[in-house]
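This report describes a single protein chain, going from overall figures to individual contacts. Please read it alongside the sequence and the model.

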Amino acid sequence: MTKSVGHERRSAPAPSGEVGLLISRQVEPGHEGDFEAWAHGVLDAAATFPGHLGYGLFRPSRPGEPWYLVHRFQNAEAHARWDRSAERAAWFARADGHHREVDRRRLTGIEGWFIPPSRLPASPPPRWKTTLTAVLGIFPISLLTGTVLAPFLTGLPLLLRTTLVAVLFSSLMTYAVMPTLTRILGRWLYPR
């Protein structure tokens, strides 16, 4: 039987209106395969709903730590449609009782880049720290794009050139730069 956390932590609304959910679930040892199959079913079902923008499932870095499920929705209404749906209720009715929700975060801004891998903070870092950290990440990518890649992109149409830079920039920030900076600056971003 699944147990839901009685509260949901929220950040300030983002101008875009997008909503991200970060859910951590504790899985009993020996039931990881069953949980992973269940989680993929939940995530795939949510992906069929209008306004669902994407999802992810992250295994723990060490045995015994929580697993993380991430959903992104176009807006609060899209999230609410999924949350109230019969499909979601059916998936949770199928849960085998060997995993439980231990935390739920509703992220509506850039703070999604600032979640450390080993723990979930009570609140995101102050905005001035997230801004400074983002600048530290953006600067080298901008320098790389402007000096190394620009000569190779000049012959391309503006729309294609801008699209390629945006995809490269977002991918590097999300998968390489921000996780690295968050790990390096973790104690400064999340003082105990």
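## Burial and overall make-up

Of the 192 residues of the protein, 36% count as buried, where buried means under 20% relative accessible area, exposed means over 50%, and partly exposed covers the range in between (1.4 Å probe, protein chains only). This is a predicted model, in which local features need pLDDT of at least 70 and side-chain atom pairs count only at pLDDT 80 or more, while totals for chains, interfaces and linings use all residues. Residues are numbered from 1 along each chain as its sequence is written, and side-chain values use heavy atoms, with hydrogens and water left out.

The protein exposes about 11300 Å², and carbon and sulfur atoms supply 63% of that area. Accessible areas come from the Shrake-Rupley method with a 1.4 Å probe, and for residues only the protein chains shown count as cover.

## Secondary structure and contact range

There are six helices and five strands. These are DSSP runs numbered from the N terminus, helices being H or I with at least four residues and strands being E with at least two. In sequence order the pattern is β-β-α-β-β-α-α-β-α-α-α.

Contact here means heavy atoms within 4.5 Å. Among contacts between residues at least 6 apart in sequence, 73% join residues at least 24 apart. Asp96 sits in the loop between helix H3 (86-93) and strand E5 (99-107), and counts as partly exposed at 34% relative accessibility.

## Salt bridges

The structure holds seven salt bridges, each defined as a side-chain nitrogen of Lys or Arg within 4 Å of a carboxyl oxygen of Asp or Glu. One of them joins the side chains of Glu101 and Arg25, at 3.7 Å from N to O. This pair links distant parts of the chain, with Glu101 in strand E5 and Arg25 in strand E2 (residues 19-27), 76 residues apart. Glu101 is buried, at 5% relative accessible area, and Arg25 is buried as well, at 2%. A network of salt bridges links Arg25, Glu101 and Arg104.

The side chains of Glu36 and Arg59 also form a salt bridge, at 2.4 Å from N to O. Glu36 belongs to helix H1 (residues 32-47) and Arg59 to the loop between strand E3 (52-58) and strand E4 (67-73), so the bridge ties together parts 23 residues apart in sequence. Glu36 counts as buried at 18% relative accessibility, whereas Arg59 is exposed at 56%. In a further salt bridge, between Arg105 and Asp103, the closest N and O atoms are 2.8 Å apart. Arg105 counts as buried at 8% relative accessibility, and Asp103 is buried at 7%.

## Packing of H4 and H5

Two packed helices are described by the angle between their axes and the distance between the axes. The axes of helix H4 (residues 127-153) and helix H5 (residues 158-184) come within 10 Å and cross at roughly 145 degrees. The axes are lines fitted to C-alpha atoms, for helices over the stretch in contact, and angles run from 0 to 180 degrees between N-to-C directions. The crossing of H4 and H5 is right-handed; a crossing is right-handed if the near helix is turned clockwise from the far one by less than a right angle, and left-handed if anticlockwise. Residues making the contact include Leu136, Ile141, Leu144 and Leu153 of H4, and Arg161, Leu168, Phe169 and Met173 of H5.

Arg161 is found in H5 and is partly exposed, with a relative accessible area of 25%. Leaving aside neighbours within four places in sequence, Arg161 is in contact with Leu153, Thr154 and Leu156. The C-alpha atoms of Arg161 and Ala150, eleven residues apart along the chain, are separated by 9.0 Å.

## Nonpolar surface patch

Trp128, Leu132, Leu136 and Trp188 form a nonpolar patch on the surface, with about 420 Å² of accessible area together. Patches are made of residues with over 30% relative accessible area and no salt bridge; like charges are joined within 9 Å, and nonpolar side chains (Val, Leu, Ile, Met, Phe, Trp, Tyr) within 5 Å. Helix H4 gives the most to this patch, with three residues. Leu132 is found in H4 and is partly exposed, with a relative accessible area of 42%.
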